[in-house]
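Hi,

Here is the structure I promised to pass on to you. Have a look at it first, then read my notes below.

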Amino acid sequence: MKHTYKISLIAMLAALAISGRFALQFLPNIQPVTSLVILTGFFFGSIPAALLGIITIFISNLFLGMGIWTLSQLIAFTLIGLISGIVGKYIIKHEFFVLIIMSILAAFCYGLFFAISNYLITGFFWGYYIAGLIFDCYHAFGNVLFMLVSYKPFSLLAKHYKIYYSSL
């Protein structure tokens, strides 16, 4: 029962992230995926967050466009999920502020990761990185916005999960 709940939880969160990505595709770099991956890692662990990131990017890119950037997105969201899961194990106090800071840092690290992967492919780093800083700011703004909206429901969901499903 416990594994079935976790699988269905990841599927539900993936559906939410994919539909949010579709609904907001007209806004540059404002999407709920990063915030959902961070929250999932923080409250439910590294592996569910990494799976959420992989499933979300793979399925949404099937419809939005698969390309050379897909591998970079998969690796970036996997790393964000793993790091947020590690941070979630050790942070007990001021978790909301830690999640806000993680949301901002994840946006800029995501952009840096893409600049590095672009450098490995094309040999150009600084031009790509500097041109992408405004999009990283949009990404950070969107992450903070989604974190403000999603934090309370996620914390209640995690509390329910820990109380009910840890006893099974």
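How do the residues of the lining of the largest pocket divide into nonpolar, polar and charged? They split into twelve nonpolar, nine polar and two charged.

Before going on, a word on what you have. This is a predicted model, where local features need pLDDT of at least 70 and side-chain atom pairs count only at pLDDT 80 or more, while totals for chains, interfaces and linings use all residues. Residues are numbered from 1 along each chain as its sequence is written, and side-chain values use heavy atoms, with hydrogens and water left out.

Back to the pockets. A pocket here, on a 1 Å grid over the protein atoms alone, is an open set of points where a 1.4 Å probe fits, with protein on both sides within 12 Å along at least five of seven lines; lining residues have an atom within 4 Å of a point. The largest one holds about 590 Å³ of space (a volume is the space filled by probe spheres set on the points, which are joined across faces, edges and corners). It has 23 lining residues, and Asn29, Gln31, Gln73, Tyr110 and Phe114 are the closest to its centre. Helix 6 provides the largest share of that lining, seven residues. (Helices are DSSP runs of H or I, at least four residues, numbered from the N terminus.)

The second largest pocket has a volume of about 260 Å³. Its lining has 13 residues, with Leu79, Ile80, Ile83, Ala106 and Cys109 closest to the centre. Helix 4 and helix 5 are the elements that give two or more residues to this lining, which divides into twelve nonpolar, one polar and no charged.

Now the inside. Leaving out residues up to four places away in sequence, Phe43 touches Leu99, Tyr151 and Phe154, among others (contact means heavy atoms within 4.5 Å).

Thr40 is in helix 2 too. Is Thr40 buried or exposed? Buried, with a relative accessible area of 1% (buried is under 20%, exposed over 50%, partly exposed in between, with a 1.4 Å probe and protein chains only). Beyond its neighbours within four places in sequence, its contacts include Leu13, Pro48 and Phe154.

Cheers

Key. Ala, Val, Leu, Ile, Met, Phe, Trp, Tyr, Cys and Pro count as nonpolar, Asp, Glu, Lys and Arg as charged, and the others, Gly among them, as polar.
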